[in-house]
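Colleague: Please take me through this structure slowly, and tell me on what grounds each term is used.

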Amino acid sequence: MIKTLIKLKILKFMLIGGVSAAYTLKRYCDQKNKVKSNKDKKPLPLTR
């Protein structure tokens, strides 16, 4: 029974770690894409 509890705690930490790693990676990619899209936008030329 103690081994089962230890395995469940390890599994819980692995799941929490995986979710937090995925969230961090998603934030990093979103930030990188935002910077890239801002560079791609070209300002409209001003004509008078």
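Colleague: What makes M1, L5, L8, L11 and L15 a nonpolar patch on the surface?

Modeller: In this predicted model, where local features need pLDDT of at least 70, side-chain atom pairs count only at pLDDT 80 or more, and totals for chains, interfaces and linings use all residues, M1, L5, L8, L11 and L15 form such a patch with about 570 Å² of accessible area together. Patches are made of residues with over 30% relative accessible area and no salt bridge, nonpolar side chains (Val, Leu, Ile, Met, Phe, Trp, Tyr) being joined within 5 Å and like charges within 9 Å. Residues are numbered from 1 along each chain as its sequence is written, and side-chain values use heavy atoms, with hydrogens and water left out.

Colleague: Why does L5 count as partly exposed?

Modeller: Buried means under 20% relative accessible area and exposed over 50%, with partly exposed in between (1.4 Å probe, protein chains only), so L5, at 47%, counts as partly exposed.

Colleague: What makes the contact of K26 with D30 a salt bridge?

Modeller: The term asks for a side-chain nitrogen of Lys or Arg within 4 Å of a carboxyl oxygen of Asp or Glu, and the closest N and O atoms of K26 and D30 are 2.9 Å apart, so the pair qualifies. The structure holds one salt bridge.

Colleague: Why are K26 and D30 separated by about one helical turn?

Modeller: Because K26 and D30 are four residues apart in helix 1, a helix being a DSSP run (H or I, at least four residues) numbered from the N terminus.

Conventions. Areas by Shrake-Rupley, 256 points an atom, 1.4 Å probe, with all protein chains shown as cover. Helix = DSSP H or I, 4+ residues; strand = E, 2+ residues; numbered from the N terminus.
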